[in-house]
Amino acid sequence: MINLAARDIGHHLGRFVFTGVGLGLLIGVTLTMAGVFRGMVADGRAVIAASGADLWVVQKDTLGPWAEPSSIRDDLYRSLAGLPGVAEATNVAYLTMQVEVKGKDVRVMLAGIEPGALGEPAQVIAGRPLLRSHYEAVADEKAGLALGDTLRIRRHDYTVVGLARRATSSSGDPMIYIPLKDAQEVQFLKDNDSLVAERARTAANPALNRPGVPGLLDAVLASQTTSHNVNAVLLRVTPGYPPDEVKAEVGRWKHLTAWTRADMEDILVARLIATSSKQIGMFLVILAVVSAAIVAFIIYTMTLNKQREIAVLKLIGTQDRSIAAMILQQALALGLIGYAVGQISAILWAPFFPKHVLLDPGDAALGFVGTLVVCALASILAIRAALRVDPADAIGG
Amino acid sequence: MTTDKDIAIRLTGLTKTYGSGSTAVQALRGVDMSIRRGEVVGLVGPSGSGKSTLLKCLGAVIEPSSGHIELGGEAIFDDRAGGWQIDDLRALRRDRIGFIFQAPYLIPFLDVTDNVALLPMLAGMSNDEARTRARELIEALDVGHRIGVRVSMLSGGEQQRVAIARSLVNHPPVILADEPTAPLDSTRALAVVRILNEMAQRYGAAIIVVTHDEKIIPTFKRIYHIRDGRTEEEAGEGREIA
């Protein structure tokens, strides 16, 4: 038996392919949106994995250090390191800020780390990790920096000594690693004018500048101009020791909050990007509906244009199921072309997106099935119209 | 002498009423017709006289209100026996009735051969066999040189010949031709009628040609005039076509 759908497609090949390409671009956008979401999840997980920590100790009752502000004293790590089951404890500071890279403003997450300790970038692809205590940086390759570049952050210049890969924040901003002391200064210290004004205000306060207490004012000023806070302490647990027990210990004795990897994944993936995922979900639904409407409209129009032929086919004995199959096959063919174009488009344009777009094979498979289902559903209207065509329309007026 | 065996199609007291009550329209008011195998008859009448309705009833596209239709001696419609006597009307149309329309109405996305071969394929014949049979007919109708060409590339006369081939390909006992010469000039119109006569003779089909084309009416040996839903039979001139 002749495949009527294939012949009809062949007859209008140009129009059909162009329509498929148009639909494909829409499917490409849909797959990319899914990729953006997957990228956010992957970035969130990558941040967690890259830190190498088993537990994040943060300010009590906060979701820090990334999802909520958290500030704790930087000497706490010593007592945390003494807890049973803790193999390593390290201070870290995180700060999202705008830096100037080669004349352009780039949004980055600044990470203050102790060289050689937890929290370092997992993959340094060029140069070396941080070794000195001041004024050097390791940047994610997406920040646009090269080895040897100088980067101005607040009052100081930093030399880029290493480039890292897949070191982005949970929101996809490239990370720049600098020594912890520098990060603390960047995060907590004020500019010179503010410091001068603050010193004057403190000196004018009789309670802090008593004539009979020499050294009090200097001590107060010193405490104001040095920072002893960090955002979190990263803990590595002794192999075999349950992180949940350490977490419970921290909560019970240190009046701090500790998050395990699973907790942190829940915070970064489920909570922090929950609104974004709903937003993307809405986009996906709208795009699916728009795609379905386009396929339905095209197939319906194609069917209406064939009414006379369908009447003739029915009159000469073609079964309804053959006519329905012809329309369904055309809708599915349109979906196949659209899906292929969409997949190729998404692969081609994904690297040009500023944030990580992860095209997941599972999403691709789901998109393939979804496209075919949407196309099949979209053909229902046209099939109904075709089945209503009266074979008598082929005869007379 | 004509025997019952020679009768391809017989209609007795066929009526068709559209609607009901005060809005009812009686399109056919008791049509009697009888056409032999190999015979080509004209069905002539003004617009609105019931030509198309009669054709649709004969083509098993609409159901008559009453009467009797016999095809090759077999009752296919009998109001006293409950209406259609055949369950699968599509198969009846496919296998036992050929259709030629005012315009060729070929399937534009099929080539010449497949437009003709589609019917036997629908009837279950293998693609190769159906195409062989289609090509034989296409050759017989002098469009063999256009085999494999898209139907949109054919002239009007060529398209109508392909449509005739399609109507004949399943060797139906009856062919219904609805103004088959309407879009053609007189030379081509007469050529189509000549072909219909030859095909009727060759394949033994009874052909009913609905027309009000003055050029071809004199060629029929027998003509049914239809007016206000009733038919009157008269002998035609049966003029030879050069």
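Modeller: A polar contact here is a pair of N or O atoms within 3.5 Å; within protein, one must be able to donate a hydrogen and the other to accept it, and residues adjacent in sequence count only if both atoms are side-chain atoms. The model is predicted. On that rule, seven residue pairs are in polar contact between chain B and chain A, with both residues at pLDDT 80 or more.

Helices carry much of the story on the chain B side. Helix 1 (51–58), helix 2 (89–96), helix 3 (112–122) and helix 4 (127–140) of chain B each supply at least two residues of the side that touches chain A. Helix 3 of chain B gives the most, with five residues. Sorted by class, this side of chain B has 14 nonpolar, two polar and 10 charged residues.

Next, the extent of the contact. Chain B brings 26 residues and chain A brings 27 residues. About 2600 Å² is buried between chain B and chain A, and carbon and sulfur atoms give 65% of that area. Within chain B, the residues that lose the most area to chain A are Arg90(B), Tyr105(B) and Phe109(B). Together they account for 28% of what that side buries.

Now the charged pairs. Two salt bridges are counted between chain B and chain A. Asp114(B) forms a salt bridge with Arg7(A), and the closest N and O atoms are 2.6 Å apart. Over all chains, the count comes to 28 salt bridges. Asp114(B) lies in helix 3 of chain B and Arg7(A) lies in helix 1 (residues 4–11) of chain A, so this pair joins two chains. The two partners can be set side by side by accessibility. Asp114(B) counts as buried because its relative accessibility is 2%, under the 20% cut-off. Arg7(A) has a relative accessible area of 28%, so this residue is partly exposed.

Asp157(A) forms a salt bridge with Arg152(A), with the closest N and O atoms 3.3 Å apart. Asp157(A) is partly exposed at 40% relative accessible area, and Arg152(A) is partly exposed at 46%. Arg271(A) forms a salt bridge with Asp266(A), and there the closest N and O atoms are 3.3 Å apart. Arg271(A) is partly exposed, with a relative accessible area of 45%. Asp266(A) is partly exposed at 34% relative accessibility. In chain B, salt bridges that share partners join Arg36(B), Glu39(B), Arg222(B) and Glu233(B) into one network.

Last, some strand pairing in chain A. Strand 3 (residues 86–101) of chain A runs antiparallel to strand 11 (residues 232–237) of chain A, and six bridges join them. Val86(A) has Val237(A), in strand 11 of chain A, as its bridge partner. Strand 3 of chain A also pairs with strand 4 (residues 104–113) of chain A, in the antiparallel sense, over nine bridges. Gln98(A) stands opposite Arg107(A) in strand 4 of chain A. Strands 3 and 4 of chain A form a hairpin with two residues between the strands. In this hairpin, Lys102(A) takes a positive phi near 50°.

Definitions and conventions. Residues numbered from 1 in each chain as written. Chains lettered and ligands numbered in written order. Predicted model: local features only at pLDDT ≥ 70, side-chain atom pairs only at ≥ 80, totals over all residues. Heavy atoms only, no water. Contact = heavy atoms within 4.5 Å. Buried area = accessible area lost by both parts, 1.4 Å probe. Salt bridge = Lys/Arg side-chain N within 4 Å of Asp/Glu carboxyl O. Helix = DSSP H or I, 4+ residues; strand = E, 2+ residues; numbered from the N terminus. Nonpolar A, V, L, I, M, F, W, Y, C, P; charged D, E, K, R; others polar. Buried < 20%, exposed > 50% of the residue type's maximum accessible area, 1.4 Å probe, protein only. Pairing = 2+ DSSP bridges.
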